[in-house]
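Hi there,

Here is the structure I said I would pass on to you. Please have a look at it first, and then read my notes below.

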Amino acid sequence: PIHERSAIILASIHSPEIIENETNPTLFIRSESYNLEKAAKRFVRYWAARLDLFGEEKAFLPMKLGRGGAFEDDYEVLEIMRNYPKFRTFLPN
């Protein structure tokens, strides 16, 4: 879907280093038993979910507590992640 693809495009524009550091494509490939099509779909769905959950303001920041991270001022986001099990299904094992 276009919405899902637009999320990865925005991520590559706003913070390509976050893609490399936090969502290394190799991990998605391994988690899908080297099925590249499935891995690509999971990768794109992950970024779409991240954008939906956090909005453009925080989706492209490092997912960490503390200075410069998406959770720097917002500890309640952890509750969102805990209560949104679909988010975890996109992460590689």
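Let's start with E37, which is exposed, with a relative accessible area of 54%. Here, exposed means over 50% relative accessible area, buried means under 20%, and partly exposed is anything in between (1.4 Å probe, protein chains only).

Before going on, two notes on how to read all this. This is a predicted model, in which local features need pLDDT of at least 70 and side-chain atom pairs count only at pLDDT 80 or more, while totals for chains, interfaces and linings use all residues. Residues are numbered from 1 along each chain as its sequence is written, and side-chain values use heavy atoms, with hydrogens and water left out.

**The overall picture**

The chain has 6 helices and 0 strands, so the labels run α-α-α-α-α-α along the sequence. Helices (H or I, at least four residues) and strands (E, at least two) are DSSP runs, numbered from the N terminus. Of the 93 residues, 34% count as buried. The chain exposes about 6000 Å², and carbon and sulfur atoms supply 55% of that area; such areas come from the Shrake-Rupley method with a 1.4 Å probe, and for residues only the protein chains shown count as cover. Among contacts (heavy atoms within 4.5 Å) with a separation of 6 or more, 52% join residues 24 or more positions apart.

**Salt bridges**

How many salt bridges does the structure hold? There are 3. The term means a side-chain nitrogen of Lys or Arg within 4 Å of a carboxyl oxygen of Asp or Glu.

E37, where we began, pairs with K41, and their closest N and O atoms are 3.2 Å apart. The two sit 4 residues apart in helix α4, so about one helical turn separates them. K41 is partly exposed, at 46%.

Another pair is R50 and E22, with 3.1 Å between the closest N and O atoms. R50 belongs to helix α4 and E22 to helix α2 (residues 16-22), so this bridge ties together parts that are 28 residues apart in sequence. R50 is buried, with a relative accessible area of 0%, whereas E22 is partly exposed at 29%.

In the pair E32 and R42, the closest N and O atoms are 2.6 Å apart. E32 lies in the loop between α3 (25-31) and α4, and R42 lies in helix α4, so parts 10 residues apart in sequence are tied together. Both ends count as buried: E32 has 15% relative accessibility and R42 has 13%.

Is F43 buried or exposed? F43 counts as buried, because its relative accessibility is 14%. You will find F43 in helix α4 (residues 36-59). Not counting residues up to four places away in sequence, F43 touches I8, I19, T23, P25 and F28. I8 is 35 residues from F43 along the chain, yet their C-alpha atoms are separated by 8.4 Å.

P62 is in the loop between α4 and α5 (77-82). With 23% relative accessibility, P62 counts as partly exposed. Leaving aside neighbours within four places in sequence, P62 is in contact with I18, E22, G68, G69 and A70. From P62 to E72 is 10 residues in sequence and 9.9 Å in space, C-alpha to C-alpha.

Enjoy exploring!

Best wishes
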